[in-house]
Amino acid sequence: MTLAQREDANGNWRWSIDRMTLGLWLVGLLAALAVLWGLGAASPVLIPLAGAFFVAVAVAPVGRWVRDRVPPRLALLGPLAAMLTVLLVLAVFAGGLWFVGQRVAGEVPRHAEELQRLWEQANGWIDGLRERFLGGSGGNGSDNGGGGAEALSGLVASVLAAAREAVSTLVIVLFLALLMLVEAPVWREKIVKTLGPERCATTVTAVTAIAQQFRRFLLVSTTLGLITGALYIGWLSLFGIDFLFLWGFLAFLLNYIPVIGSVGAATLPVLMALAQGGSTTALMVAGGLLVIEQVMGNFIGPRLEGRQLAISPLVIVSSLLLWSWLWGAAGTVLAVPMTVLIAIALSHIDALRPFAFVLSDKSDRRRFEARTRPE
């Protein structure tokens with residue numbers, strides 16, 4: 001925005017804003033609001049497309065490797081091999097979920113009374129807050145047995161509905177990802193013929209670099225998640241905390257959501273430790289989990305990331321709020337990949353690199369330029 005100092009009739013200096021510049025800023029603000037509205041309104045279409053894009057980018061090297069080693073008439077084997085990789089990953093994930101579910105189901109009966117007591121205490125605490133701050137009677141928590149059963153049945157129904165919707169969305173995402181992988185070479189040829197070889201070479205190089213860095217981000221996040229989950233299981237086993245594999249599995253999953261994910265992954269086992277062993281055990285467990293998160297986030301993580309662009313924690317939290325507001329639960333899952341992808345793309349466009357610097361966790365502009373400049 002252009003500001004200028006001007007002297008008025010009384011000899012006082014005042015700041016004035018160029019009207020055209022102000023108009024351009026207002027137009028830009030309205031355009032940004034229109035884009036946000038469009039993203040929210042088109043979420044049923046954009047969510048599967050975004051998910052399919054990330055899946056296709058993640059497994060594209062597998063399809064390319066197979067396609068380069070088979071005759072041209074069998075080029076379809078490349079996308080099929082890439083999708084088979086996705087299905088294998090999903091099978092491993094489902095197997096891990098089933099294993100954890102079996103372990104948890106076997107341990108729940110031993111803690112039925114304890115879980116019921118915790119449920120009643122939580123109801124009483126919530127009713128006390130309602131009575132204190134909202135002036136309610138707090139009598140809703142007296143029927144703990146019926147209320148707990150109704151709440152549990154409602155929770156199960158909500159989980160089943162969400163699982164059904166997730167499965168249907170996953171099928172659409174996988175189908176779209178397969179189409180993207182099949183038609184990727186065709187679209188590359190179209191772009192070359194439309195823009196010309198010279199103009200297209202720069203674009204293809206930038207897109208390739210963006211895809212490589214994004215795949216590195218996924219690989220690093222998965223590796224950190226596996227290590228973190230194993231450390232969680234090892235540390236909690238020293239204190240005899242139940243549902244070990246559940247806490248390790250949650251630590252692995254929530255590792256894909258920086259900052260907030262680590263808080264959620266540590267809170268639940270600490271609460272379980274508080275219920276099992278009291279405040280002393282809970283403090284010791286919390287201290288150990290805090291050390292694990294600090295070591296993984298500040299030492300091991302940066303060494304695995306290498307030249308990967310790191311995002312500011314404030315930007316991560318803001319993006320989680322924004323995308324979850326726009327796309328709901330799917331936005332929470334896609335928030336970090338979308339933000340990382342945008343930041344990497346900005347870092348590969350010279351005119352937009354200052355915006356990538358704003359999104360990063362670096363305070364030294366020269367170090368940021370040296371770390372993220374395309375090779």
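How many aromatic pairs does the structure hold? The legends below give the answer, along with other close-up views.

This is a predicted model, in which local features need pLDDT of at least 70, side-chain atom pairs count only at pLDDT 80 or more, and totals for chains, interfaces and linings use all residues. Residues are numbered from 1 along each chain as its sequence is written, and side-chain values use heavy atoms, with hydrogens and water left out.

**View 1. An aromatic pair, Trp 235 and Phe 239.** The structure holds 6 aromatic pairs. In the pair of Trp 235 and Phe 239, the ring centres are 5.0 Å apart and the planes meet at 70 degrees, so the pair is edge-to-face. (Rings of Phe, Tyr and Trp, the last by its six-membered ring, pair if their centres lie within 6.5 Å; planes under 30 degrees apart are stacked, over 60 edge-to-face, the rest tilted.) Trp 235 is partly exposed, at 26% relative accessible area. Phe 239 is partly exposed too, at 24%. (Buried means under 20% relative accessible area, exposed over 50%, partly exposed in between, with a 1.4 Å probe and protein chains only.)

View 2. (The expected span is 1.5 Å times one less than the number of residues.) A kink of about 50 degrees lies at Val 59, shortly before Pro 61. (The bend is the angle between axes fitted to the seven residues ending at a residue and the seven starting there.)

**View 3. The largest nonpolar core.** This core has 27 residues. Phe 54, Trp 327, Leu 334 and Met 338 touch the most other members. (A nonpolar core is a set of buried Ala, Val, Leu, Ile, Met, Phe, Trp, Tyr and Cys residues joined through side-chain atoms within 4.5 Å.) H2, H6 (197–237), H10 (313–347) and H11 (353–359) each supply at least two residues. H10 gives the largest share, 15 residues. Leaving aside residues up to four places away in sequence, Phe 54 touches Phe 214, Leu 334, Pro 337, Met 338 and Leu 341. (Contact means heavy atoms within 4.5 Å.)

**View 4. The loop at Ala 42.** Ala 42 sits in the loop between H1 (19–41) and H2. Ala 42 is partly exposed, at 27% relative accessibility. Its C-alpha atom is 9.7 Å from that of Leu 326, 284 residues apart along the chain.

Methods: Helices (H or I, at least four residues) and strands (E, at least two) are DSSP runs, numbered from the N terminus.
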